[in-house]
Amino acid sequence: MFDTDERLETGSTELVEGTARVVEVTGAVAWLEPEATTSCGGCAASGACGAKGIGTIANRVAARRFPLRDHPELRVGDRVVVGVRGDALVKAALTAYAMPLVTLFLGGGLAQWAWGTDATTIAASVGGLLFGLVLARLGAGRLFASGASAPRFLRRVGQAPQTCQII
Amino acid sequence: MQEYVLLMVGAALVNNVILARFLGLCSFMGVTTRVDTALGMGLATTFVITVSSMLNWAAQHYLLEPFGLGYLRTVVFILMIAAAVQFTEMTVRKVSPPLFQMLGIYLPLITTNCAVLGVALLLIEGRMTFIESTVFAFASSVGYSLVMVIFAGLRERLALAQVPRLFAGPPIGFITASLLALAFMGFSGISTV
């Protein structure tokens with residue numbers, strides 16, 4: 001786990017920032033939940049937002065709780081800014097979404113070329129999708145084995161950022 | 001093969017979801033402050049649009065048409081899209097919990113993205129086969145992702161540029177978007193799909 005100073009020393013890697021709230025602290029491990037956002041990015045005004053309901057993630061943030069180790073100074077209720085490496089985010093997105101789509105089209109395309117009926121194409125596409133998800137699982141395991149793509153603590157909300165990166 | 005290529009070019013560039021059909025403008029302005037996040041959102045949307053278009057095609061041809069339930073199309077499609085998003089969310093969570101923590105933020109946002117429903121309705125109107133509709137949906141979402149990434153790159157540069165005070169922020173963003181739309185009009189005539 002890196003902290004801000006280590007990142008500044010080591011890296012040119014830009015971080016994608018997000019706001020999270022500390023919901024539990026056990027020893028030196030703080031458990032955080034990301035703050036709900038809407039597609040317009042107006043999370044601070046989500047109480048008056050018309051996009052509530054099925055499109056919001058407020059009811060699912062608990063499922064995305066994540067740990068932040070070696071930060072005993074954090075207290076329950078603290079709002080903090082965490083960062084994820086931009087290149088790790090892109091790699092993760094490619095692994096999770098692009099790989100299953102490639103196998104989906106391979107399966108569907110081969111079935112369409114061989115048989116040319118909708119039913120077989122659907123079956124082969126679904127088979128390709130499932131195979132791609134298995135591949136994605138393997139790829140994700142390798143991607144996260146190093147731990148370098150885990151969220152990192154940057155600062156408390158309200159503190160000025162220590163970098164000049166674009167937010 | 002040529003018809004599939006033309007279908008893809010037409011859906012991605014000529015009739016771009018954002019710049020020609022004006023769908024998905026909310027995420028276009030909201031999630032394009034950085035290239036990384038725009039690409040993440042674009043890939044997630046591509047996956048959901050492709051999977052939900054498969055579901056919607058099957059629902060239209062095996063449920064709505066045979067039973068004369070065409071008037072329920074919009075409701076059924078919205079349910080299918082929500083189911084596709086839920087499926088994707090559950091799958092990513094099962095496939096890799098760390099991946100879900102990283103990417104889960106984008107998934108629920110897609111449910112309210114009108115581009116997903118718009119593409120589903122367009123492919124039904126086009127009376128396409130299953131493979132055509134899947135290719136069309138994929139190409140449309142690739143066009144969506146392409147514009148998102150281009151616009152995010154422009155906005156990253158705009159953030160560092162000296163812009164007149166009256167135009168700073170969203171106004172210069174909208175002007176840039178309109179110039180981008182004009183640039184994409186240059187693709188008109190390549191394909192009529």
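Accessible areas here come from the Shrake-Rupley method with a 1.4 Å probe, and for residues only the protein chains shown count as cover. This is a predicted model, in which local features need pLDDT of at least 70 and side-chain atom pairs count only at pLDDT 80 or more, while totals for chains, interfaces and linings use all residues. Residues are numbered from 1 along each chain as its sequence is written, chains are lettered from A and ligands numbered from 1 in the order in which they are written, and side-chain values use heavy atoms, with hydrogens and water left out.

**Stop 1: chain A as a whole**

Select chain A, which exposes about 8500 Å², 60% of it supplied by carbon and sulfur atoms. Colour by secondary structure to find 3 helices and 5 strands; helices (H or I, at least four residues) and strands (E, at least two) are DSSP runs, numbered from the N terminus. Their order along the sequence is α-β-β-β-β-α-α-β. Of the 167 residues of chain A, 40% are buried, where buried means under 20% relative accessible area, exposed over 50%, and partly exposed in between (1.4 Å probe, protein chains only). Among contacts (heavy atoms within 4.5 Å) in chain A with a separation of 6 or more, 77% link residues 24 or more positions apart.

**Stop 2: strand 1 of chain A and its partners**

Next select residues 15-26 of chain A, which are strand 1. Two strands pair if DSSP finds at least two bridges between them. Strand 1 of chain A runs antiparallel to strand 4 (residues 79-85) of chain A, with 7 bridges joining the two.

**Stop 3: chain B as a whole**

Now switch to chain B, with 9 helices and 0 strands. Its radius of gyration is 18 Å, close to the 16 Å that the globule rule gives for 193 residues, so chain B is as compact as a globular protein of that length. That radius is taken over C-alpha atoms, and the rule is 2.2 Å times the number of residues to the power 0.38. The C-alpha trace of chain B spans about 60 × 45 × 30 Å along its principal axes. Buried residues are 51% of the 193 in chain B. Chain B exposes about 8500 Å², with 70% from carbon and sulfur atoms.

**Stop 4: helix 7 of chain B**

Select residues 114-125 of chain B. The 12 residues of this helix 7 should span 16 Å at 1.5 Å a residue, and its end C-alpha atoms are 16 Å apart, which agrees; the expected span is 1.5 Å times one less than the number of residues. Buried residues in helix 7 of chain B include B:Ala115, B:Val119 and B:Ile124. Just after the helix, B:Arg127 takes a positive phi of about 50 degrees.

Show what surrounds B:Leu123: leaving aside residues up to four places away in sequence, it touches B:Ser53, B:Trp57, B:Met128, B:Ser133, B:Phe136 and B:Ala137.

**Stop 5: the cores**

A nonpolar core is a set of buried Ala, Val, Leu, Ile, Met, Phe, Trp, Tyr and Cys residues joined through side-chain atoms within 4.5 Å. The largest has 60 residues, and those with the most contacts inside it are A:Tyr97, B:Leu19, B:Phe28, B:Leu123 and B:Met148. Helix 3 (residues 35-64) of chain B gives the largest share of this core, 12 residues. Another core, of 10 residues, lies apart from it; select A:Val22, A:Phe66, A:Val82 and A:Phe153, which are among its members.
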